[in-house]
Amino acid sequence: MAEVRLLGLCATAEADPFGEMLLRALSAPGPTGVRLDVYAVPSVTPPDSDAGGPSGQAADRALGRLVARSDGLLITAPESDSPPPEPLLSALNGLTWTKGTSPLAGKPVGVLTTTHIGTSPAAAYCETERMLLSAGADLVGPRATVLCAGHTLHEEPDGQVRLVDPAVTMRLLLHVHRIAAAARTVYRLPPAEGPGTWLL
């Protein structure tokens with residue numbers, strides 16, 4: 001069975017306390033037949049700064065290469081009708097700026113959002129989804145939202161993150177596998193098969 005390579009994209013923990021945790025929970029060991037690589041977008045260094053770190057253009061090029069090599073994307077952001085937090089916003093602007101040449105064009109992309117409260121989102125599309133649609137991405141939706149994320153995501157002493165709600169886990173697995181199925185269609189990969197295909 002060919003492995004589907006998904007790139008998990010999120011802001012750093014300083015900007016989004018739950019996004020990277022959620023991707024880490026889904027990536028280790030990960031759904032069968034899917035490899036999920038987590039990339040927390042770093043803050044960029046202004047070109048005239050003496051501080052270390054990637055410049056904006058260098059970071060955009062590096063991320064563009066990662067996106068181009070992936071079969072699909074899984075993006076996490078806080079549940080909000082506002083733009084995603086920096087530096088994820090800058091990264092998405094760089095990826096979506098020119099629709100015709102965006103590495104996201106035609107690529108299967110799913111969105112996961114998190115909130116610390118227990119109510120469901122009202123908006124049909126969040127700003128992150130609207131940005132992806134403007135770039136011509138193949139948006140796999142609707143997005144899945146993790147409610148009460150501070151209680152649903154639990155970081156173990158060894159650094160592993162687990163989802164404590166089985167219903168949430170199954171809903172997220174369904175979303176990941178739908179993205180993987182879309183990627184298999186786009187890139188003509190063999191279908192997932194065998195026992196345990198849905199296991200995390």
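How many bridges join S1 to strand S3 (residues 72-78)? Four bridges join these two strands, which run parallel. The legends below treat this pairing and other close-up views of a predicted model, in which local features need pLDDT of at least 70 and side-chain atom pairs count only at pLDDT 80 or more, whereas totals for chains, interfaces and linings use all residues. Residues are numbered from 1 along each chain as its sequence is written, and side-chain values use heavy atoms, with hydrogens and water left out.

**View 1. The open sheet and its pairings.** Five strands, in the order S2-S1-S3-S4-S5, form an open sheet with parallel pairing. Strand S2 (34-41) and strand S5 (138-146) stand at the edges with a single partner strand each, so one side of each has no neighbour in the sheet. From one strand to the next, the twist averages 20°. Strands (E, at least two residues) and helices (H or I, at least four) are DSSP runs numbered from the N terminus; two strands pair if DSSP finds at least two bridges between them.

**View 2. Strand S4 and its two partners.** Six bridges join S3 to S4, and Leu 74 stands opposite Gly 110 in S4. S4 also pairs with S5 in the parallel sense, over six bridges; here Leu 112 has Ala 144 as its bridge partner. Seven of the seven residues of S4 are buried (under 20% relative accessible area; exposed is over 50% and partly exposed lies in between, with a 1.4 Å probe and protein chains only). Pro 108, Gly 110, Leu 112 and Thr 114 point one way from the strand, while Val 109, Val 111 and Thr 113 point the other way.

**View 3. Helix H6, from cap to end.** Asp 165 caps the N-terminal end of H6, with a side-chain oxygen 2.9 Å from the backbone nitrogen of Ala 167. The 21 residues of H6 should span 30 Å at 1.5 Å a residue, and the end C-alpha atoms are 30 Å apart, which agrees; the expected span is 1.5 Å times one less than the number of residues. Ala 181 lies in this helix (residues 166-186) and counts as partly exposed because its relative accessibility is 40%. The C-alpha atoms of Ala 181 and Pro 191, ten residues apart along the chain, are separated by 7.6 Å. Arg 188, which follows H6, has a positive phi near 55°.

**View 4. The largest nonpolar core.** This core has 27 residues, and Leu 22, Leu 26, Leu 74, Leu 153, Leu 163 and Leu 172 have the most contacts inside it. A nonpolar core is a set of buried Ala, Val, Leu, Ile, Met, Phe, Trp, Tyr and Cys residues joined through side-chain atoms within 4.5 Å. H6 gives the most to the core, with seven residues.

View 5. Thr 12 is found in the loop between strand S1 (4-11) and helix H1 (19-27). Thr 12 counts as buried because its relative accessibility is 17%. Not counting residues up to four places away in sequence, Thr 12 touches Ala 40, Val 41, Pro 42 and Pro 87.

Notes:
Contact = heavy atoms within 4.5 Å. Axes fitted to C-alpha atoms, helices over the stretch in contact; angles between N-to-C directions. Polar contact = N/O pair within 3.5 Å; in protein donor to acceptor, adjacent residues only side chain to side chain.
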